[in-house]
Amino acid sequence: MNRSGYRLQALGFRLKQSLHAFRFSYGLRPAACIFLLLLVETANAHHVLGRPAYSLNEDSNTPPSMQVETQIGDYFVTYMIFPAFPKAGERGRVNLYATRIDNGKAYSGEVTFKVRDDVYFGNDNSETLGSQLPDDSVFRQGFEFSSNGEYIITAEFTEAGEPYIIDFPLRIGPPSSIGPIGIAVGSIVIILVGVNLVQRKRLLTSKIRNAHEETP
Amino acid sequence: MTMTHPGLPDFWGLVIIGFILLGVLWTLFSPAPIKIRTSVLSLASIPVIGTGMRNLVANRWLLLSLKFVMVGFFLLIIFAGLFGTPIPERNIATVLTWNLWWSGLVFSIFFLGSAWCAVCPWDALAQWLVRRKLWRRAEPNNSLNIKVPRWLANVWPALLMFIALTWLELGVGITVNPYATAAVSLLMVVLATASLAIFQRKAFCRYFCPVGRTVGFYSQLAPIELRPIDNDTCASCKTLDCYHGNEEVEPCPTWLVMGRLKQNSYCTSCGNCTQSCPHENIAWRFRPPSVEALHSARPHWDESWFMIGLLALTGFHGVTMMPFWETWMSQFAQLTGDSGRLLPSFTIGLLACIAVIAAIYSILIEVTRKITGTDLEYKRLFSTFAFVALPLAFSYHMAHNLNHLIRESVGISAVFSNPLGVDTVPLSMMEKHERHLTMWISQDALFTIQAGLMIFGFWIALQVIRHRGLSVIAINNKLAGVKLLPMLTFAIGITSFHLWLLMQPMIMRM
């Protein structure tokens, strides 16, 4: 099977990423799909794939972590961010764990972690955070950011000659909350001002028309 | 570890199956239904209460106060969603929106019809922004007042919006994302405002709003309605203030004439008609639930698709909360090469669910047509029987939502004391277990209500089939029960599917 590798952008509403981040390598096989959908399997439920979940480790006095479970190619990938809400100037850590979907065997090669700014235009330069070997099947990568912002962490590994690239966003500090409010208020103002201008023009036109009609 | 809610016990499953069997036998072999004589109880006619009710519904301040309260909560949700903790169970935005409002809304319809629309904060904010009046009739120049184009003047936009909302809710997962919850809430206000500023009256409420249309169609099964007290008064009315409004009061936002009103679908309970009617002839009244679905409501092609879509989407909600759903999606994604959030796979699943339900219904309608040899055209028959989807969807919707409402809203007082979830941590396993065990009502009571709702839904569905069937396949005024078999099969199949879903363990949302 000729596959050009996998690239995954795992979390968040980032359409700009998804435009280039997914590479579908298989064609749809309808009969097999229908057959599989008919199979009702009882499975241990996890978090819904790809969504962040926040959890507390009650066995230790550590802050809560954020965890995302996702799927790419032949692998289930779980990554955790400690702490769940990292701040600038504080040390944090990404834990990544990848197991084959077919046999549950953990990936044991090397994973390279990179970081770049999560911006729509411009800076696409990434910086390598480090390459990690597994420690008890978990790849641990520390980080520390000097300023708040939105970043993309990329984990890369190669298996059977196929590159696996997993992008996931990391927010340092509080989110930018002005965005949605700004867009909403801006949209409403544009609509109301636009309607007002059109109505003024309509009134003016009707006044002129009336004036013409009244003129003998 | 993900926690699940236990499913309905086998005992209740057997009780419901027994009822289904008895109901089917009764439908097949009982005489044709007699024409319904609707007995109603007008609240205005009750001594003392009637006067009080009349004053209440004509009182603008009461409605305005309720709108202020709802808008206050809505703004709190937006603020908490954008500035509060991202932990969903600790943020009032997600808890109030999805655990309480979205789950509880369907129950408010069961008791109060479309009352929610009267205090809807999306509409209230849009009204205040565009009309620039709190309640009085505004200058018409505040809006472009463009007539809604013919291709948009139907409920297809609302159905598409409802599918989109379901995609956001279950696929993207905004129910566990306070920030996204706030963003979508703001989007709805922008859409409502744009519609009000551009189109005549409240086109958003009538044609576009997925929540409003869901509320409207389910309201056909509600036990209350806003109607004229005396039909003759309406028949002789020359001014039609309910439709045109008067100097003080806005006209009906959804183009309804009270004298001709037969169904709740588009009534937003705004009270304009009660306030503008010069004869004080409009009042709330009790009625037998489902009377509209049985015979009053007129079948329309777009509306029938909305009802079928509603049925498919309620079932789909249940399926996605089953433990096996994730495995299905994962296996499907592997076949298609989907990665990450598996949104393409989810989207295919969502559309497939709608397509399957619609296809089954369409085929069974064609079978009915063949069996009966009716002259009715296919679209007419399709629309006539589509009302059977309403009780099936409504009953399962309520039974499913009871799990969210009763089991997942236990810690709601905590988010009211700290709405933004400042300095909070995720729920510990101990807290989850505690919530799991501390329910608002006992588990047995919950199961009993769920089973009762399923029976209620199936019973109403049978009635719809019998009454709607009478108008199309009655022979010598006798109902040929056997000819109803395709529609009975549909009701039995859907109810069995819903029952099976209810009997499965369901994943706890947060």
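Reader: What makes H17(B) and H18(B) roughly perpendicular to each other?

Author: In this predicted model, helix H17 (residues 343–372) of chain B and helix H18 (residues 378–385) of chain B pack at an angle of about 115°, with their axes 10 Å apart. Axes are lines fitted to C-alpha atoms, for helices over the stretch in contact, and angles run from 0 to 180 degrees between N-to-C directions. Angles under 35 degrees count as roughly parallel, over 145 as roughly antiparallel, 65 to 115 as roughly perpendicular and the rest as oblique. H17(B) and H18(B) are therefore roughly perpendicular.

Reader: What is the hand of the crossing of H17(B) and H18(B)?

Author: That crossing of H17(B) and H18(B) is right-handed. A crossing is right-handed if the near helix is turned clockwise from the far one by less than a right angle, and left-handed if anticlockwise.

Reader: Which residues make the contact?

Author: H17(B) brings B:Ile365, B:Glu366, B:Thr368 and B:Arg369. H18(B) brings B:Tyr378, B:Leu381, B:Phe382 and B:Phe385. Two residues are in contact if their C-beta atoms, placed from the backbone, lie within 7 Å. By class, the contact of H17(B) with H18(B) has five nonpolar residues, one polar and two charged. Ala, Val, Leu, Ile, Met, Phe, Trp, Tyr, Cys and Pro count as nonpolar, Asp, Glu, Lys and Arg as charged, and the others, Gly among them, as polar.

Reader: Why are H3(B) and H8(B) called oblique to each other?

Author: Helix H3 (residues 60–83) and helix H8 (residues 178–198) of chain B pack at about 135°, and their axes are 7 Å apart. H3(B) and H8(B) are therefore oblique. Their crossing is left-handed. On H3(B), the contact is made by B:Phe74, B:Ile77, B:Ile78, B:Ala80, B:Gly81 and B:Leu82. On H8(B), B:Pro178, B:Tyr179, B:Thr181, B:Ala182, B:Ser185 and B:Leu186 take part.

Reader: How many residues of each class does the contact of H3(B) with H8(B) have?

Author: Nine are nonpolar, three are polar and none is charged.

Reader: How do you know whether B:Val130 is buried or exposed?

Author: Count its neighbours. A residue is buried if 20 or more other C-beta atoms lie within 10 Å of its own, exposed if 12 or fewer, and partly exposed in between. B:Val130 has 22 C-beta neighbours inside 10 Å, so B:Val130 counts as buried. B:Val130 sits in helix H6 of chain B. Beyond four places in sequence, B:Val130 touches A:Leu192, B:Asn142, B:Ser143, B:Thr193, B:Leu196 and B:Ala197.

Reader: And B:Ile146, buried or exposed?

Author: B:Ile146 has 12 other C-beta atoms within 10 Å, so B:Ile146 is exposed. B:Ile146 lies in the loop between helix H6 (121–131) and helix H7 (156–172) of chain B. Leaving aside neighbours within four places in sequence, B:Ile146 is in contact with B:Ile198, B:Phe199 and B:Gln200. From B:Ile146 to B:Leu196 is 50 residues in sequence and 9.8 Å in space, C-alpha to C-alpha.

Reader: What makes B:Glu280 partly exposed?

Author: B:Glu280 has 14 C-beta neighbours inside 10 Å, so B:Glu280 counts as partly exposed. B:Glu280 is in the loop between helix H13 (272–276) and strand E4 (282–286) of chain B. Its phi is near 50°, positive in a residue other than glycine.

Reader: Where is A:Asp136 found?

Author: Look in the loop between strand E7 (127–132) and strand E8 (139–144) of chain A. Phi of A:Asp136 is near 55°, again positive in a residue other than glycine. With 7 other C-beta atoms within 10 Å, A:Asp136 is exposed.

Reader: Which peptide bond is cis, with omega near -10°?

Author: The bond from A:Phe82 to A:Pro83. A:Pro83 lies in the loop between strand E4 (75–82) and strand E5 (91–100) of chain A.

Reader: How many helices and strands does chain A have?

Author: Chain A has three helices and ten strands. Helices (H or I, at least four residues) and strands (E, at least two) are DSSP runs, numbered from the N terminus. Of the 216 residues in chain A, 26% are buried.

Reader: What pLDDT does chain B average?

Author: Chain B averages 90, and 97% of the residues score at least 70. The pLDDT is the predictor's confidence in each residue, from 0 to 100. For the complex, the predictor gives an ipTM of 0.83 and a pTM of 0.88.

Reader: What are the ground rules for numbering and for a predicted model?

Author: Residues are numbered from 1 along each chain as its sequence is written, while chains are lettered from A and ligands numbered from 1 in the order in which they are written. In this predicted model, local features need pLDDT of at least 70, side-chain atom pairs count only at pLDDT 80 or more, and totals for chains, interfaces and linings use all residues.
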